[in-house]
Amino acid sequence: MLILLNNITIPLTEIEIQAVRSQGAGGQNVNKVSTAIHLRFDINASSLPEYYKEKLLNLKDSRISSEGVVIIKAQRSRSQIKNREDALNRLQVLINSVIVETKPRRPTQPTKASRIKRLEGKTLQSRKKSLRGKIEEAE
């Protein structure tokens, strides 16, 4: 079970995990051992509530394909177990980012003191810049 926020869980049967060979440096071991993990999670076929499915599908994330499948490749570690945990954690973070409700922004006005302070700063800057001008000789 993958436990998310708000008491939502995802059974591991809905998550397809496949071990593949890692890319990059690693010597002879990289050619023999499948340590990287490919995780696939089909959003539409999952047991997530519809509201969260819609929010996930509307995310502009490169890990989510056009068919609604989350694809995560984990190969940071040389251990298959650590890569599996890393992939599941990254899926958990992705789904939790959608579950957390963002508070709507309330527009506010700047305070009177902050307006006065801003105008005083502009006046000081203006004086400083005006003193940098060319000096004209008096005849």
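Q: Which are the buried residues of helix 1?
A: In this predicted model, helix 1 spans residues 50-57, and its buried residues are Tyr-52, Lys-53 and Leu-56.

Q: What puts these residues on the same side of helix 1?
A: The arc they cover around the axis is only 105°, which places them on the same side of helix 1.

Q: What do the buried residues of helix 1 pack against?
A: Their packing partner is helix 2, residues 80-99.

Q: Why is Asn-96 called buried?
A: Its relative accessibility is 15%, and buried means under 20%. Asn-96 therefore counts as buried. This residue is found in helix 2.

Q: Which residues is Asn-96 in contact with, leaving aside its neighbours within four places in sequence?
A: Asn-96 is in contact with Leu-4 and Leu-5.

Q: Why does Ala-19 count as partly exposed?
A: Ala-19 has 37% relative accessibility. Buried needs a value under 20% and exposed a value over 50%, with partly exposed in between, so Ala-19 counts as partly exposed.

Q: Where does Ala-19 lie, and which residues does Ala-19 touch?
A: Ala-19 belongs to strand 3, residues 15-20. Not counting residues up to four places away in sequence, Ala-19 touches Ser-34, Ala-36, Ile-37 and Gln-80.

Q: What separates the C-alpha atoms of Ala-19 and Tyr-51?
A: Those C-alpha atoms are 31 Å apart, while along the chain Ala-19 and Tyr-51 are 32 residues apart.

Methods. Residues numbered from 1 in each chain as written. Predicted model: local features only at pLDDT ≥ 70, side-chain atom pairs only at ≥ 80, totals over all residues. Heavy atoms only, no water. Buried < 20%, exposed > 50% of the residue type's maximum accessible area, 1.4 Å probe, protein only. Helix = DSSP H or I, 4+ residues; strand = E, 2+ residues; numbered from the N terminus. Arc of directions from axis to C-beta. Contact = heavy atoms within 4.5 Å.
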